[in-house]
Amino acid sequence: MADTTATMRILIIEDDRRTAEHVIKGLNEAGHVVDHALDGVTGLNLAGASTYDALVVDRMLPGKDGLALIELLRAAGNQTPVLVLSALADVGHRVEGLKAGADDYLVKPYAFSELLARIEALGRRRDPEVVATKLQVHDLVLDRLARTAGRAGKPLTLQPREFKLLECLMQHEGQVLTRTMLLEKVWDCQFDPHTNVVDVHIARLRQKVDRGFDRPLIHTVRGSGYRVSVDP
Amino acid sequence: MDLRRLAGTTAFRQSLIYVGLLLASLGLALGGVKVVAERSIETETESAILAEIDGLRSIYEQRGIAALVEDVERRAEQPYRGSVYLVLDATGQKLVGNLTGWAGTEPTSDEGWIYFVVEAPGDVKVDAQARAFALGGGFLLVVGRALAAQESFERALNRGLIIAFVGALVVGIAGGLLLARETERRIEAMNLAIDRVRGGSLEVRLPQRGAGDELDRLAGRINQLLAESEALIRGMRQVTDDVAHDLRTPLTRIQTRLEEALDEASGEARNIIEEALDDLDRLLRLFRTVLLINTAESGAPKQTFGSLDVSAIAGDACDLYEAVFEDQDVAFDNRVAPGVSLHGNRALLAQAFANLLDNAAKFTPEGGRVTASLHGGDPIVFTVTDTGPGIPADRRNDVKRRFTRLDSARETPGHGLGLALVNAVARLHGGELQLDDAQPGLIARLELAMDPIRR
């Protein structure tokens, strides 16, 4: 995985030392470089002094509230992608966080794999590939303008939602997308669907994309989610 | 305010009864006045007639018939005042008098009074009352009074009575409506307050005027009751909130440690840790759902309600589950009407729609059919009908409560929170969740008010 995902410089602003240590350890293992600030003021100074690929901000910080910090950053013209971590699971809080200028919002407790997937997805946002009109992974091609897809020159018949799902996976080639992320990005759902509905949709997509080919392109990442890549 | 509804109020009906009693007592009083007044006028007339007869008789007895005739003639020639006179001789010939058409002398009452009709000036026929008195020597003296004055007095009295009655009736009904409106306003204000409490605004209290009247006292008692139930409900929510929150921190740490351990582990230990992580995930989800139900029940999300394209939200949920139904070999009928919008919370509504579809997916057997529909109007209705085992009639209310699971559902995954959340979301949106028999299967109707705040 490390070979398909570029190393990121990440600043984590989190007052709980133990949580931070765990996250830093995990991010280091995934090949990223991490700085840590224990409070909002230090965090703001660090974020202003150096260039990061992503910020991870706890919502409730000593010294400065996480959302106020993001607003200050944005007001100063800093466009670094921000992921907010929050113990507040309330339905309105996510909207508040995004309004303040955050790019993603993750409620505690979370699985580390979910956090990692989201941070890596944020890093990709600034990639020029995001605006590409054609996505290609091995012999799988997706044309975003014509809204068609084909594999090895053979067209694929996809439902609009299947197209969106494949587009989302290909856009994040080599990255893991968790079920929750797919629900948010493809169905615009911020809820818990109980049954593994995403698995069913992926299974249907696999039938169309991978069946009859020697090299599968849609991979299941155990305990995490799904990834489109050439290598398993 | 609606007059017909006002007329149906207790206050108005009581005012009507009061007006009725008032009119009855007014009738009794005025009737009494009328009887007494008429009686006294009658007595006065009678004594005037008797006094005149007495005077005329003494003229006759002292000065003879010629003097009587002369006197009566003088009296009869006076301008008409309603007095009638007649003197007849023994043969019945009229000697003098202003009474024409005298018919007979038979008294028409026990006291010797004769009642008849005379012609007053202007060709008006008037009732008259007279007394005949036989003088010595076969002469007959008749003295009477036309009753015109008395009758006009009676007419005036009757008119007065009718005016008094109608006036009292109009004032009474108008007053009744006014009083009813005043009471109705206060009751309506109380009903509104109660509806708001039922809608989740637990802090709302019934308005009191501070007058200490019976409605204020009732409102005071109900407010005490509301305060007590608010304390109970808040206490219960606080406990579940605290439990869920307090347990989340240690559970998060456990999750962190298990994840760290997973990196080091191999073989069987790895499987065990993965299973523990799965269990933990389920537990955390359960807490999330409990907190979500509490949030919906608290009414707090109302502050962030916005206008939503509910057709799109329901459509997304159906789209998400369509693949699941197809996978389970269940026919799925998507009848979501386009263009329906409402005022609400997007995330909670999406979760409620998904929960209903999820239940249908869990309980509909292979080869079954599920229909999901959304209809506009007020209320807006989202319905999911399945061909599963359904819910027995006596358990349909139970399943809307938290942690209720039917014995038949023990084998399927879940915590008995799905419908409790749907119910809480329905109530937050000014509606309700109705469960019915689809024969066979379940019909779940989620009703939502178009604008729950206004409601």
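The following questions and answers concern a predicted model with chains A and B.

Reader: How many helices and strands are there in chain A?

Author: Chain A has 232 residues, of which 43% count as buried. Among its contacts between residues at least 6 apart in sequence, 59% join residues at least 24 apart. The count of elements in chain A is 8 helices and 12 strands.

Reader: Which residues of helix α3 of chain A are buried, and what arc do they cover around the axis?

Author: Helix α3 of chain A spans residues 66-75, and its buried residues are A:Gly66, A:Leu67, A:Leu69, A:Ile70 and A:Leu73. These residues lie on the same side of α3(A), because the arc that they cover around the axis is only 155°.

Reader: Which residue with a positive phi follows α3(A)?

Author: The phi in question is near 85°. The residue that follows α3(A) with this positive phi is A:Gly77.

Reader: Why does A:Thr80 count as partly exposed?

Author: A:Thr80 has its place in the loop between α3 and β4 (82-86) of chain A. A residue is buried if 20 or more other C-beta atoms lie within 10 Å of its own, and exposed if 12 or fewer do. A:Thr80 falls in between and therefore counts as partly exposed, since its number of C-beta neighbours inside 10 Å is 19.

Reader: Which residues is A:Thr80 in contact with, leaving aside its neighbours within four places in sequence?

Author: A:Thr80 and A:Asp103 are 23 residues apart in sequence, and 9.3 Å separate them in space, C-alpha to C-alpha. Contact requires the C-beta atoms to lie within 7 Å. With the neighbours within four places in sequence left aside, the contacts of A:Thr80 are A:Ala47, A:Tyr52, A:Ala54 and A:Leu55.

Reader: In the open sheet of 3 strands in chain A, what is the order of the strands?

Author: The edge strands are β10 (177-178) and β11 (218-221) of chain A, each of which pairs on one side only. Strand β10(A) is joined to β12 (residues 225-228) of chain A by 2 bridges, and these two strands run antiparallel. Within this pairing, A:Thr178 has A:Gly225 as its bridge partner. The order in the sheet is β10-β12-β11.

Reader: Along strand β9 of chain B, which residues point to one face and are buried?

Author: The side chains of β9(B), residues 369-375, alternate along the strand.

Reader: Which strand of chain B pairs with β9(B) in the antiparallel sense?

Author: Strand β7 (residues 331-336) of chain B runs parallel to β9(B) and is joined to it by 6 bridges, with B:Arg335 opposite B:Ser373. The antiparallel pairing of β9(B) has 5 bridges, and here B:His375 stands opposite B:Val381. The antiparallel partner of β9(B) is strand β10 (residues 380-385) of chain B.

Reader: Which element supplies the largest share of the side of chain A that touches chain B?

Author: Here 24 residues of chain A are in contact with 30 residues of chain B. At least two residues of this side of chain A come from each of α4 (91-99) and α8 (197-209) of chain A. By residue type, the side of chain A that touches chain B divides into 11 nonpolar, 7 polar and 6 charged. The largest share, 4 residues, comes from α8(A).

Technical notes: Residues numbered from 1 in each chain as written. Chains lettered and ligands numbered in written order. Predicted model: local features only at pLDDT ≥ 70, side-chain atom pairs only at ≥ 80, totals over all residues. Pairing = 2+ DSSP bridges. Contact = placed C-beta atoms within 7 Å. Nonpolar A, V, L, I, M, F, W, Y, C, P; charged D, E, K, R; others polar. Arc of directions from axis to C-beta.
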